[in-house]
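Please consult the sequence and the structure shown below while reading.

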Amino acid sequence: MLQRKFDKIVKDFFPNAKDAKDTSIHYLGKMQIEHELDISKVLMATSVCSDDINVPSTTFFNVLFGPFIMGGLGGLPFAGQTGMTAFAHHIPDQGSAFIFYGPHIGLTLDGELGKMYRPRQEETGNSCGALMLALSRFQDSGYKPVLNDDDYQQMKLEESLLPYREEILDSNNSQKAITEATYEIIHKKIHDHLKSCKNEFHVDKVTLLGGIIINTDYGLDDYFDARNFEVVDIKSL
Ligand SMILES: [Zn+2]
């Protein structure tokens, strides 16, 4: 019953979202059938937020090798070009790569976005905490992030989001807007790193699956709203 109630509320905000099992079956099926990739030789990388709540989402695809973890706070690929290079070198011979990326957002049964009930906590908490923190800081018009060694990822995340600040604050759902903006940033970075590291790959195909992870509660499956599925021919980049 709860699963069905959640399904409705998730689809009010993200009409195309699929639950964990549908996501893995759908995209692994596409890789195998439409693109004739050998699923037994795929190394996965993730670029999702460090938050413990996302660990189950990366098991959507646990038949694959990996994951190589590229993401830090907010899901930005903080491992950078060196991380992409290392990942490229670890792919099975005659295999292929799969990169799963995107930000995450909590949702409660009351329809509150950016919040969730975490395991064994009575009160709701922020999800994504890093993005909701950035949002609350952006609401102070005098605020500017300052890059520093001791809070590098959060400051870099906020700096990357600065060009979207007005759009986010003017939106009628700022929690959703900051998540969408973060998706754009991650999507672009993944493509940039792929292109700059293309000569490091000894295989031809890289499957990309990007979107927004929606964290639910009560031990129910997370959902995934896919925004990009593509099988890239590395040599053509
Ligand atoms: Zn997060």
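## Burial and overall form

A residue is termed buried if 20 or more other C-beta atoms lie within 10 Å of its own, and exposed if 12 or fewer do. In this predicted model, buried residues make up 42% of the 237 residues in the protein chain.

The secondary structure of the chain consists of eight helices and nine strands. The C-alpha trace spans about 50 × 45 × 30 Å along its principal axes. A compact globule with 237 residues would have a radius of gyration near 18 Å, and the protein chain, with 18 Å, agrees with that expectation. Among contacts with a separation of 6 or more, 68% are between residues 24 or more positions apart.

## The nonpolar core

The largest nonpolar core comprises 58 residues. Met-44, Ile-99, Ala-134 and Ile-214 are the residues with the most contacts inside this core.

Ile-214 may be examined individually. When residues up to four places away in sequence are not counted, Ile-214 touches Val-10, Phe-14, Ala-17, Ile-105, Leu-107, Asp-222, Tyr-223 and Asp-225.

## Cis peptide bonds

The peptide bond from Gly-66 to Pro-67 is cis, with omega near 5°. Pro-67 is found in strand E3, which covers residues 65-69.

A cis peptide bond also joins Ser-127 and Cys-128, where omega is about 0°. Cys-128 is found in the loop between strand E7 (124-126) and helix H5 (129-138).

## Residues with positive phi

Glu-36 is not a glycine, yet has a positive phi of about 50°. This residue is placed in the loop between helix H2 (20-34) and strand E2 (42-47). Is Glu-36 buried or exposed? Glu-36 has 9 C-beta neighbours inside 10 Å and therefore counts as exposed, the cut-off for that class being 12 or fewer.

Arg-120 has a positive phi of about 60° and is likewise not a glycine. Arg-120 lies in the loop between strand E6 (115-117) and E7. Because Arg-120 has 5 C-beta neighbours inside 10 Å, this residue counts as exposed.

Methods:
Residues are numbered from 1 along each chain as its sequence is written. This is a predicted model: local features need pLDDT of at least 70, side-chain atom pairs count only at pLDDT 80 or more; totals for chains, interfaces and linings use all residues. A nonpolar core is a set of buried Ala, Val, Leu, Ile, Met, Phe, Trp, Tyr and Cys residues joined through C-beta atoms within 7 Å. Two residues are in contact if their C-beta atoms, placed from the backbone, lie within 7 Å. Helices (H or I, at least four residues) and strands (E, at least two) are DSSP runs, numbered from the N terminus. The radius of gyration is taken over C-alpha atoms; the globule rule is 2.2 Å times the number of residues to the power 0.38.
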